[in-house]
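This report covers model confidence and a few residues in loops. The sequence and structure come before the details.

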Amino acid sequence: MSESAEPREPGMTVASAFAGMTSASPVVFRAGCPDCRGRFELAASALRLAIGATSRTTFYSFTCPDCRSTVRKPAGERIVELLTGGGVRTLRLHSTV
């Protein structure tokens, strides 16, 4: 068997795949305040995620941009996945036992 001597077509390079792309849109998260009932979008930098040993100690928090209340909400597995994937700063809580 002999290999073909025909030239191969050039493949797509990383540079050509992203040609013309100047920047990616920042990730924003929709949130609501239980105190003032405000609805808004927050950048990843406005949120904090705390991951505890149990679902009861895993939560995210932010400051409401409307009423300035500190909001703390539980975070299940899907929320944790979305927040960490979106670049939210994460704190892992450790047990003292």
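This is a predicted model: local features need pLDDT of at least 70, side-chain atom pairs count only at pLDDT 80 or more; totals for chains, interfaces and linings use all residues.

## Terms and basis

Helices (H or I, at least four residues) and strands (E, at least two) are DSSP runs, numbered from the N terminus. Residues are numbered from 1 along each chain as its sequence is written.

## Confidence

pLDDT is the predictor's confidence in each residue, from 0 to 100. Its average over the chain is 84, and 74% of the residues reach at least 70. Among the elements, strand β4 (residues 59-63) has the highest mean, 97, and helix α1 (residues 14-17) the lowest, 68. Over residues 1-9 the pLDDT is below 50, and this stretch has zero contacts (heavy atoms within 4.5 Å) beyond near neighbours in sequence.

## The loop between β1 and β2

R37 lies in the loop between β1 (28-32) and β2 (39-43). Although R37 is not a glycine, its phi is positive, about 65°. R37 counts as exposed because its relative accessibility is 69% (buried is under 20% relative accessible area, exposed over 50%, partly exposed in between; 1.4 Å probe, protein chains only).

## The loop between β4 and β5

R68 is in the loop between β4 and β5. Its phi is also positive, near 70°, in a residue other than glycine, and R68 is exposed at 57% relative accessibility.

S69 lies in this loop, between β4 and β5 (70-74). S69 is buried, with a relative accessible area of 18%. Leaving aside residues up to four places away in sequence, S69 touches D35, F62, T63 and C64.

How values were computed:
Side-chain values use heavy atoms; hydrogens and water are left out.
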